Amino acid sequence: MNQFTVQRACAWSGMVGVVLFFLAFVLADFLPPLSPSLTPEEVAAHYREHSRGIIVGMLLMMFSGMFITLLVGVISAQLRRIPTVSRALVYAQISAGTAGSLFFFIPPVMFIITAFRPDRAIQTTYMLNDLCWILTVLPFPPALMQNVVIGTAILSDKRPQPLFPRWVAYVNFWVAIGFLPASALPFFKYGAFAWNGLFPFWLAATVFFAWFVVMTIALLRAIRQEEEESGTVRVPEGVTSRRAGEEIGSLPATTQ
């Protein structure tokens with residue numbers, strides 16, 4: 001398996017991860033999300049009725065995080081190809097992406113803990129449910145920073161034909177802005193700013209999914225460009241690239 005096949009697999013893994021992520025919510029019957037305005041009895045009843053689905057769905061969400069980490073790696077692998085990019089941005093993308101990927105593992109574990117004993121005290125389940133949902137929706141800063149870093153790195157490419165189209169940078173900035181309304185979540189139990197509301201959940205989920213689509217397309221294009229530029233082929237006499245062979249062939253003939 002050559003390096004370009006590996007990079008393509010990593011790029012496509014992002015789409016696999018995000019599909020598994022949303023499928024996990026479906027299996028747990030968490031779409032639409034439980035409202036923070038539900039009574040303790042209503043919340044406890046949901047966990048009693050859907051405990052198996054919640055556990056299966058959250059296990060699936062943990063597997064989705066495994067695929068997301070591969071996407072983080074290939075993003076930095078391609079960003080470093082930009083001649084003028086600061087290496088600090090490349091490493092910052094890895095750091096922010098790694099920090100963000102933790103929230104594909106920690107919230108599902110908390111949901112599993114909550115569903116593990118559905119017959120526990122109602123108030124305990126109620127408190128754990130608050131913890132699970134706030135931990136799922138609120139910790140957006142790592143993702144926001146990752147988007148800002150990617151956008152900044154892309155715009156640092158001043159070549160007439162940059163590695164990533166500049167519109168990809170602006171998409172990353174808009175996605176970062178789309179996460180910001182979630183910061184109001186702790187102040188609302190009803191309406192558009194509650195954890196199940198239009199801004200913290202549905203807007204964030206939309207831009208979240210869109211980001212994976214855009215980055216997958218942009219990465220596949222960049223990987224194809226890198227492969228075309230490498231032009232490596234197996235030829236005799238130690239010549240390892242088509243380009244090198246063409247250059248040798250273009251040299252003037254010499255007499256023996």
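The model is predicted, with local features needing pLDDT of at least 70 and side-chain atom pairs pLDDT 80 or more, while totals for chains, interfaces and linings use all residues. Residues are numbered from 1 along each chain, and side-chain values use heavy atoms, without hydrogens or water.

**Helix α3 with helix α4**
- Helix α3 (residues 51-79) packs against helix α4 (residues 87-101) at about 170°, with the axes 9 Å apart; α3 and α4 are therefore roughly antiparallel.
- Contact (heavy atoms within 4.5 Å) involves T69, V72, I75, S76 and L79 of α3 and V90, Q93, I94, G97, T98 and S101 of α4.
- These residues divide into five nonpolar, six polar and no charged, with Gly counted as polar.

**Helix α3 with helix α5**
- The axes of α3 and helix α5 (residues 106-116) come within 9 Å and cross at roughly 165°, which makes the two roughly antiparallel.
- On the α3 side the contact includes S51, I54 and M58, and on the α5 side P108, F111 and F116.
- This contact has 12 nonpolar residues, one polar and no charged.

- Beyond its neighbours within four places in sequence, F30 contacts F25, H46, Y47, I54, M58, F111 and W133.

Methods:
Axes fitted to C-alpha atoms, helices over the stretch in contact; angles between N-to-C directions. Helix = DSSP H or I, 4+ residues; strand = E, 2+ residues; numbered from the N terminus. Parallel < 35°, antiparallel > 145°, perpendicular 65-115°, else oblique.
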